[in-house]
Amino acid sequence: MMKEKIEDCIVCRRVEELTAEPENPFLIYEFPESYLIVGDHQFYRGYCQLIYKTHAREMHELAPEIQSEIFAELMLAARAVAAAFTPWKINYSCYGNVVPHIHWHIFPRSAADPEREQVPWTRAAKFSDFATDEQTAREISLLVRREIENLI
């Protein structure tokens, strides 16, 4: 469950929704400091997000041991996504300019993607055409969770 939340934070509300429902298909894994969830679109198959449990805007403001734990969780999540989807490359992004809550986008990039050398956001206008339904979320969650459990 969230350690601390802010009522008007879209990420805090999203995590609260995800964790309120047992067996939510979008919730892949709960780490000590974060949640790994299936992304709301699958323009890049296997797209996930890692969300810090506590509402915070800046990584540099966290205690060093928390920073290290979050980074370890991010790398474990990325290894699991890579094992599940065998991408050509994984792109990571963590900004917080629009949504001021620490979270990472994990984009598996395919060798077949003609724009694979571009940042994933260049195709953002198309993301909504690939909205993740519950069945797809369930499939991705199962694949990635299985890989996390193999890696732990």
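**View 1. Aromatic pairs around Phe107.** In this predicted model, the count of aromatic pairs comes to 10. One of them joins Phe107 and Trp121, whose ring centres are 5.2 Å apart. Their planes stand at 85°, so this pair is edge-to-face. Phe107 belongs to strand β5, while Trp121 sits in the loop between β5 and α3. The pair therefore ties together parts that are 14 residues apart in sequence. Phe127 has a relative accessible area of 7% and is buried.

View 2. Ring pairs link Phe43, Tyr44, Tyr47, Phe107, Trp121, Phe127 and Phe130 into a cluster. Phe107, Trp121 and Phe127 from the previous view are among its members.

**View 3. Arg109 and its surroundings.** Arg109 lies in strand β5, which covers residues 103–109. Its relative accessibility is 1%, so Arg109 counts as buried. The side chain of Arg109 makes a polar contact of 2.7 Å with the side chain of Asn91. A polar atom of the Arg109 side chain also lies 2.8 Å from the backbone oxygen of Gln118. Leaving aside residues up to four places away in sequence, Arg109 touches Tyr44, Pro87, Trp88, Lys89, Asn91, Glu115, Arg116, Gln118, Val119 and Pro120.

**View 4. Arginines over aromatic rings.** Two of the residues that Arg109 touches, Trp88 and Arg116, also meet each other: Arg116 lies over the face of Trp88, at 5.1 Å from the ring centre. Another arginine, Arg14, has its charged end over the ring of Phe26. The distance to the centre of the Phe26 ring is 5.3 Å.

**View 5. His101 in the loop between β4 and β5.** His101 lies in the loop that runs between β4 (89–93) and β5. Its relative accessible area is 1%, so His101 is buried. The side chains of His101 and His55 are joined by a polar contact of 3.1 Å. Ile10 is 91 residues away from His101 along the chain, yet the two C-alpha atoms are separated by 8.6 Å.

**View 6. Helix α3 and its buried face.** Helix α3 spans residues 134–151 and has 18 residues. From its first C-alpha to its last, α3 reaches 25 Å, close to the 26 Å expected at 1.5 Å a residue. Thr136, Ala137, Ile140, Ser141, Val144 and Ile148 are buried in α3. Seen down the helix axis, these buried residues fall within an arc of 125°, so they line one face of α3. They pack against strands β1 (27–30) and β2 (34–38) and against helix α2 (64–85). At the start of α3, a side-chain oxygen of Asp133 comes to within 3.3 Å of the backbone nitrogen of Gln135.

Terms used: Residues numbered from 1 in each chain as written. Predicted model: local features only at pLDDT ≥ 70, side-chain atom pairs only at ≥ 80, totals over all residues. Heavy atoms only, no water. Helix = DSSP H or I, 4+ residues; strand = E, 2+ residues; numbered from the N terminus. Buried < 20%, exposed > 50% of the residue type's maximum accessible area, 1.4 Å probe, protein only. Polar contact = N/O pair within 3.5 Å; in protein donor to acceptor, adjacent residues only side chain to side chain. Contact = heavy atoms within 4.5 Å. Expected span 1.5 Å × (residues − 1). Arc of directions from axis to C-beta. Phe/Tyr/Trp six-rings, centres within 6.5 Å; stacked < 30°, edge-to-face > 60°. Lys NZ or Arg CZ within 6 Å of the ring centre and 35° of its normal.
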